[in-house]
Amino acid sequence: MSQQPGQLTFVAPRRAKPARHLADLTMAERRAAVAELGEKPFRADQLSRHYFSHLSSDVAQMSDLSAAAREKLSALLPTLLTVVRELTTDRGTTRKTLWRLFDGALVESVLMRYPDRATICVSSQAGCGMNCPFCATGQAGLTRNMSTAEIVEQVVAGARTMASGQVPGGPGRVSNVVFMGMGEPLANYKQVIGAVRRMVDPSPEGLGISARGITVSTVGLVPAIAKLADEGLPVTLALSLHAPDDELRDTLVPINTRWKVAEVLDAAWAYAARTKRRVSIEYALIKDINDHEWRADLLGKLVRNKLVHVNLIPLNPTPGSKWTASRPEDERAFVRRLEFHGVPVTVRDTRGREIDGACGQLAAAE
């Protein structure tokens with residue numbers, strides 16, 4: 001369902017829900033679910049160890065369970081994601097997967113291996129209701145929220161790929177998760193928080209990934225940012241700002257018509273103060289739209305002397321779009337102005353461009 005310019009969709013359409021999965025549940029809930037299936041509660045610990053520690057969903061391989069127990073417990077490990085397409089680039093170290101969910105909805109994840117870490121970028125919604133005009137997902141509209149387990153399964157699939165040595169560099173593990181795939185994570189708040197808890201809980205309750213290795217992005221849902229600060233999860237908050245002035249941001253990021261730049265930044269600084277975590281300001285550089293030096297100066301004045309880092313993103317243009325990446329000289333000038341204000345700034349590595357690395361591009365092509 002595509003949206004009218006500036007239209008926002010906060011409530012996802014009601015659709016059938018995916019089957020209940022082990023990763024949807026807390027440890028206590030897993031024990032109760034196992035008991036409901038007629039097995040001893042300790043089987044939940046065994047099942048959790050297979051899934052979260054050994055990254056296995058195949059009950060046939062779980063030799064510490066009887067055949068009868070395996071058959072019953074398979075109900076807690078339904079197939080949630082099916083591969084539609086997989087593309088690789090950067091000599092195999094960047095892998096993009098297009099997944100089909102149980103109801104036919106399409107989502108994407110990207111696994112990126114660097115010398116010092118492996119990061120997976122995950123989707124939290126099928127489509128997105130935030131309607132940013134330069135974003136392929138935003139133009140597709142919102143299909144539905146993803147379940148906690150559908151989000152976690154993307155990470156488990158990436159972890160399995162790393163552990164099996166399919167990515168050049170030998171066997172490894174996923175160390176970082178970024179919620180920068182399809183969707184506005186804070187618009188699917190409960191399921192995203194559940195997924196983050198499954199990721200950070202120690203094995204066998206969860207994947208045992210450090211909360212400091214997890215980044216949750218948002219276009220600026222101010223009440224949800226405040227709520228996230230109260231969760232006791234020291235994840236990095238990434239604020240997709242894209243413009244330092246309300247006039248332009250109202251157009252580029254329509255949520256700005258609800259919460260203005262000053263309100264969004266105040267929420268970000270409150271988050272940083274509460275969690276002691278540096279906020280990442282995401283800024284897609286768009287040729288002749290938001291890449292002027294005076295906007296870099298304005299941004300520098302707004303964020304200087306704060307617990308912050310600015311991440312400039314050369315726009316990955318979507319086919320047929322009028323929006324395109326800034327000229328290299330304008331990008332360099334933007335960086336210089338921010339550095340003049342003493343603001344830490346980096347330009348994001350543009351991995352995956354030749355495989356439609358920007359989220360929503362593969363799904364849009366299907």
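Asparagine 188 is in contact with Ser124, Gln125, Asn145, Met146 and Ile151, leaving aside its neighbours within four places in sequence. Asparagine 188 sits in the loop between β7 (176-179) and α6. In this predicted model, asparagine 188 counts as buried because its relative accessibility is 1%, and buried means under 20%.

- The volume of the second largest pocket is about 720 Å³.
- The lining of this pocket is made of 26 residues, and those closest to its centre are Lys17, Met146, Ser147, Thr148 and Gln191.
- Two elements, β6 (142-145) and α6, each give two or more residues to the lining of the second largest pocket.
- The element that gives the most to this lining is α6, with six residues.
- By type, the lining of the second largest pocket divides into nine nonpolar, seven polar and 10 charged residues.
- Met146, one of the residues closest to the centre of this pocket, is also among the residues in contact with asparagine 188.

- An unreviewed UniProt entry lists Gly183, Glu184, Ser217, Ser240, Leu241, His242 and Asn316 under "binding site".
- Serine 217 is in strand β8.
- Serine 217 counts as buried because its relative accessibility is 8%, and the cut-off for buried is under 20%.
- Beyond residues up to four places away in sequence, serine 217 touches Phe179, Met180, Glu184, Pro185 and Ala238.
- A polar atom of the serine 217 side chain lies 2.5 Å from the backbone oxygen of phenylalanine 179.
- Leucine 241 is in the loop between β9 (236-240) and α8 (246-252).
- At 0% relative accessibility, leucine 241 is buried.
- Not counting residues up to four places away in sequence, leucine 241 touches Arg249, Val253, Ile281, Glu282 and Leu299.

**Binding-site cysteines**

- Cysteine 128 counts as buried, with a relative accessibility of 8%.
- Cysteine 132 also counts as buried, at 7% relative accessibility.
- The contacts of cysteine 132, apart from residues up to four places away in sequence, are Gly138, Gln139, Val219, Leu252, Val253 and Pro254.
- Val253 is among the residues that cysteine 132 touches, and Val253 is also among those that leucine 241 touches.

**Backbone features**

- Most residues other than glycine have a negative phi, and most peptide bonds are trans.
- Asparagine 131 has a positive phi, near 60°.
- Asparagine 131 counts as buried, at 4% relative accessibility.
- Lysine 276 is a residue other than glycine with a positive phi, near 60°.
- Lysine 276 lies in the loop between α9 (261-275) and β10 (279-285).
- Is lysine 276 buried or exposed? Lysine 276 is exposed because its relative accessible area is 62%, and exposed means over 50%.
- The peptide bond that runs from serine 203 to proline 204 is cis, and its omega is near 5°.
- Proline 204 is in the loop between α6 (189-200) and β8 (214-218).

**A glycine in a loop**

- Glycine 165 is in the loop between α5 (148-163) and β7.
- With a relative accessible area of 31%, glycine 165 is partly exposed, because that value falls between the cut-offs of under 20% for buried and over 50% for exposed.
- Leaving aside neighbours within four places in sequence, glycine 165 is in contact with Gly170 and Pro171.

Technical notes: Residues are numbered from 1 along each chain as its sequence is written. This is a predicted model: local features need pLDDT of at least 70, side-chain atom pairs count only at pLDDT 80 or more; totals for chains, interfaces and linings use all residues. Side-chain values use heavy atoms; hydrogens and water are left out. Helices (H or I, at least four residues) and strands (E, at least two) are DSSP runs, numbered from the N terminus. Buried means under 20% relative accessible area, exposed over 50%, partly exposed in between (1.4 Å probe, protein chains only). UniProt positions are given in the numbering used here, feature names are shortened, and annotations may be inferred rather than shown by experiment. Contact means heavy atoms within 4.5 Å. A polar contact is a pair of N or O atoms within 3.5 Å; within protein, one must be able to donate a hydrogen and the other to accept it, and residues adjacent in sequence count only if both atoms are side-chain atoms. On a 1 Å grid over the protein atoms alone, a cavity is a set of points where a 1.4 Å probe fits but cannot get out, and a pocket is an open set with protein on both sides within 12 Å along at least five of seven lines; lining residues have an atom within 4 Å of a point. Grid points are joined across faces, edges and corners, and a volume is the space filled by probe spheres set on the points. Ala, Val, Leu, Ile, Met, Phe, Trp, Tyr, Cys and Pro count as nonpolar, Asp, Glu, Lys and Arg as charged, and the others, Gly among them, as polar.
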